[in-house]
Structures are given as structure tokens and as C-alpha cells.
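Biologist: I have not looked at this one before. Can you put it up and take me through it?

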Amino acid sequence: MGWTPLFLEMRDKKVLVVGAGEVGERRAKRFLKAGAHVVILGNTASEEIIDLGASLKSIDNASKWVEWSDLVVIATGDHNLNEEIAHLADYKLVNRADYPQKGNLIVPTSFFIEDVQICVFTGGKSPLMAKQLRKKIQKVIKNEDILQLELQDFTRKLLKDKVKDQKDRRSYLYKILNDKTVEKLLKDGNLNQAKVYVEELLLNLNKEV
Ligand SMILES: C[C@@]1(CC(=O)O)c2cc3[nH]c(cc4nc(cc5[nH]c(cc(n2)[C@H]1CCC(=O)O)[C@@](C)(CC(=O)O)[C@@H]5CCC(=O)O)C(CC(=O)O)=C4CCC(=O)O)c(CCC(=O)O)c3CC(=O)O
Ligand SMILES: NC(=O)C1=CN([C@@H]2O[C@H](COP(=O)(O)OP(=O)(O)OC[C@H]3O[C@@H](n4cnc5c(N)ncnc54)[C@H](O)[C@@H]3O)[C@@H](O)[C@H]2O)C=CC1
């Protein structure tokens, strides 16, 4: 299995979705929300994805639209047609809804918590379990984790100015992560106070250096 997780910047990328049934529609929505231009090939597309900015084109011009695209989602229920499109698109990024292993791109289940994006992929073994695992993971991530993330971002920026050596910066970030006062402040939702606390610690750090 050669799959590895990556994040693609989809803003202004061109996505061709061949067949906007249940799966094609889901993919179209995902890419539209990420800022891509989406063309649907086929006979139908829901009002919702057209409103979101997708346009519907005839399958007769498939090779032209494949050439136009950066990424092709193949999601019709017609296996022969899917194979034909895959043949045209063999030099592109391709997501195959019917035979994932014949494509080179997976669209995993994913969710955002603030700026954190979490994805689950079961290697194609069980999409249903990918969905279940997503729901379980969503439950265990707490508000204080997100506040810690904000505090780490704040601290990293301060440290970049003050501490030259990356290894020293890393060790300082771990200290903040494991600091009991910080833990308590974040549990109580006091991000601003935690920032003040970190700033004071950093002042002391400057004195030590
Ligand atoms: C490989 C992959 C495609 C890719 O992206 O390249 C793929 C492939 C296939 N799925 C099939 C079926 C189902 N898919 C779902 C649901 C989801 N499928 C998703 C992803 C993926 N599905 C990719 C990675 C999967 C992985 O993690 O391994 C999710 C997670 C994300 C998303 O699609 O947005 C989304 C949940 C969204 C959420 O979290 O809410 C359900 C459940 C339901 O409908 O409720 C069922 C029915 C139950 C079942 O089969 O499990 C079949 C037909 C099998 C057949 O013919 O029987 C194939 C094709 C095949 O397996 O050959
Ligand atoms: N990746 C995934 O998560 C899943 C994949 N699948 C697989 O993906 C494929 C599509 O699944 P669904 O979206 O659920 O099916 P669906 O039946 O909801 O949608 C299929 C779409 O293909 C279009 N279509 C069919 N024949 C066509 C043709 N000759 N020309 C143009 N358009 C044509 C239909 O109009 C429809 O819009 C199936 O092969 C299925 O096994 C199914 C469920 C989930």
C-alpha cells in the first residue's frame, strides 16, 4: 500500500466530477467549499451544487474537460464509462469512487475543529468504519486542546524572535505543553491569562540567557 496522507491546496484548482450521484455530489461539495472550480459531466447536478458554483457539461466533450482539469473524480454508476474516463485521465490526479485502487487519490472522511483538520482512511477496508471512527475522534477532542493550539501558535511566534536555536525553541514548547498552570488556565478557558503567563516566563528566560 503506497498511500500517504497529504493536504492539497484546492483554491482555484480545476476539478472535473464525472457523475454527480450520491458520491459525486459529496466530492463536488467538498472541493467547492475548498475554493476549487468544479465542472460536472453528466445529465444531472443538484440545485445545491450549481448554487455553490458548479457547472454542468455534456459527457460528449469528456476529453476536452479532462484536459481542462487538474483533478478528476470518476463517480458514475456505469463501469464502462468510468473505465473510459480513467483511460483519458491516466496522466491526472484521479479519484475513483468505484475502484479506489485504480485511482491515485483518496478523499478520506475528515472534519475541522477550528484550524485542526483530522482525516481517517482505513485503506479502503471499511468506509463505514472510517465514518464511525471519525465520530469517536470528534468526541474526544476538547476545547482546551484547541486553546493549547492557539497558545502554542502564540508562543512559537514569540520564541522565533527571542530564541535562536530550534532545539531550544522545541524544548520550551514542550515545557508549555506540560505546564500545570497552563493546563489549569486552559481548562478554565483562560487563553488570555495563559498568554500573559507565557510572556512572563519568556521575560525570565531572557534574563537567564
Ligand atoms: C476508498 C474510498 C473512495 C475514495 O475516496 O477514493 C471509498 C470507497 C467506497 N465506499 C463505498 C461504500 C460506502 N462509503 C460510505 C461512506 C463514505 N465513504 C468514504 C470514503 C471512501 N469510500 C474512500 C476511503 C474509505 C476508507 O477509509 O477506506 C467516506 C469515509 C468519506 C467520503 O466519501 O466523503 C464516507 C463517510 C463520510 C462520513 O464520514 O460521514 C458508506 C457509508 C454510508 O453511505 O453511510 C458506504 C456503504 C458501507 C460500506 O461499504 O462500508 C464503496 C462501495 C462498496 C460496495 O460496492 O459495496 C466504495 C468503493 C469500494 O470500496 O470498492
Ligand atoms: N467512494 C464511495 O464513498 C462510494 C462509492 N460507491 C461507488 O461509486 C459509484 C457511484 O456511487 P453513487 O454515487 O452512490 O451512485 P448513484 O447512483 O447515486 O450515482 C451515479 C451517477 O452516475 C450517473 N450516471 C450513470 N450512468 C451514466 C452514464 N452512462 N453517463 C453519465 N452519467 C451516468 C447517474 O446519473 C448518477 O448521477 C458506484 O460504482 C458505487 O459502487 C458507492 C458508495 C460510496
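Biologist: Which atom of ligand 2 is 2.8 Å from a polar backbone atom of Val-23?

Modeller: An oxygen atom of ligand 2. Keep in mind that this is a predicted model.

Biologist: How many residues surround ligand 2?

Modeller: There are 13, and the closest are Gly-21, Glu-22, Val-23, Arg-26 and Asp-78. A backbone N or O atom of Gly-77 also lies 3.3 Å from an oxygen atom of ligand 2.

Biologist: Different topic: the inside. Which residues touch the most other members of the largest nonpolar core?

Modeller: Val-15, Phe-31, Val-38 and Ile-40 do, in a core of 17 residues. The elements that give two or more residues to this core are β1 (14-18), α1 (22-33), β2 (37-41) and β4 (71-74).

Biologist: Which of them gives the most?

Modeller: α1 does, with three residues. As a general point, nonpolar side chains tend to be buried together in soluble globular proteins.

Biologist: What does Val-38 touch?

Modeller: Leaving out residues up to four places away in sequence, Val-38 touches Val-15, Val-17, Ala-28, Phe-31, Leu-32, Gly-53, Ala-54 and Ser-55.

Biologist: On to aromatics. How many aromatic pairs does a search of the whole structure find?

Modeller: Two. One of them is Trp-3 with Phe-121: the ring centres are 6.1 Å apart and the planes are at 85°, so the pair is edge-to-face.

Biologist: Where do those two residues lie?

Modeller: Trp-3 is in the segment before β1, and Phe-121 is in the loop between β7 (116-120) and α5 (127-140). The pair therefore ties together parts that are 118 residues apart in sequence. Trp-3 is partly exposed, at 24% relative accessibility. Phe-121 is partly exposed as well, with a relative accessible area of 35%.

Biologist: How is the pair of Trp-65 and Trp-68 arranged?

Modeller: Edge-to-face, with 5.3 Å centre to centre and 80° between the planes. Trp-65 and Trp-68 are three residues apart in helix α3 (residues 62-68), so about one helical turn separates them. Trp-65 counts as buried, at 11% relative accessibility. Trp-68 counts as partly exposed, at 25%.

Biologist: Now Arg-96. Is it buried or exposed?

Modeller: Arg-96 counts as buried because its relative accessibility is 2%, and the cut-off for buried is under 20%. Arg-96 lies in strand β5 (residues 93-96).

Biologist: Which side chains make polar contacts with the side chain of Arg-96?

Modeller: The side chain of Glu-83 makes one, of 2.9 Å. The side chain of Asp-98 makes one of 2.8 Å. Arg-96 also touches other residues, including Ile-74, His-79, Asn-82, Ala-86 and Lys-102.

Biologist: What does Lys-102 lie over?

Modeller: The face of Tyr-99, at 4.9 Å from the ring centre.

Biologist: Last topic, the backbone. What is phi of Asp-12?

Modeller: It is near 65°, a positive value in a residue other than glycine. Asp-12 lies in the segment before β1 and is exposed, with a relative accessible area of 52%.

Biologist: And where does Glu-114 lie?

Modeller: Glu-114 is in the loop between β6 (109-113) and β7. Its phi is positive, about 50°, although Glu-114 is not a glycine. At 58% relative accessibility, Glu-114 counts as exposed.

Key:
Residues are numbered from 1 along each chain as its sequence is written. Chains are lettered from A and ligands numbered from 1 in the order in which they are written. This is a predicted model: local features need pLDDT of at least 70, side-chain atom pairs count only at pLDDT 80 or more; totals for chains, interfaces and linings use all residues. Side-chain values use heavy atoms; hydrogens and water are left out. A nonpolar core is a set of buried Ala, Val, Leu, Ile, Met, Phe, Trp, Tyr and Cys residues joined through side-chain atoms within 4.5 Å. Buried means under 20% relative accessible area, exposed over 50%, partly exposed in between (1.4 Å probe, protein chains only). Helices (H or I, at least four residues) and strands (E, at least two) are DSSP runs, numbered from the N terminus. Contact means heavy atoms within 4.5 Å. Rings of Phe, Tyr and Trp (its six-membered ring) pair if their centres lie within 6.5 Å; planes under 30 degrees apart count as stacked, over 60 as edge-to-face and the rest as tilted. A charge sits over a ring if NZ of Lys or CZ of Arg is within 6 Å of the ring centre and within 35 degrees of the ring normal. A residue is near a molecule or strand if one of its heavy atoms lies within 4 Å of it. A polar contact is a pair of N or O atoms within 3.5 Å; within protein, one must be able to donate a hydrogen and the other to accept it, and residues adjacent in sequence count only if both atoms are side-chain atoms.
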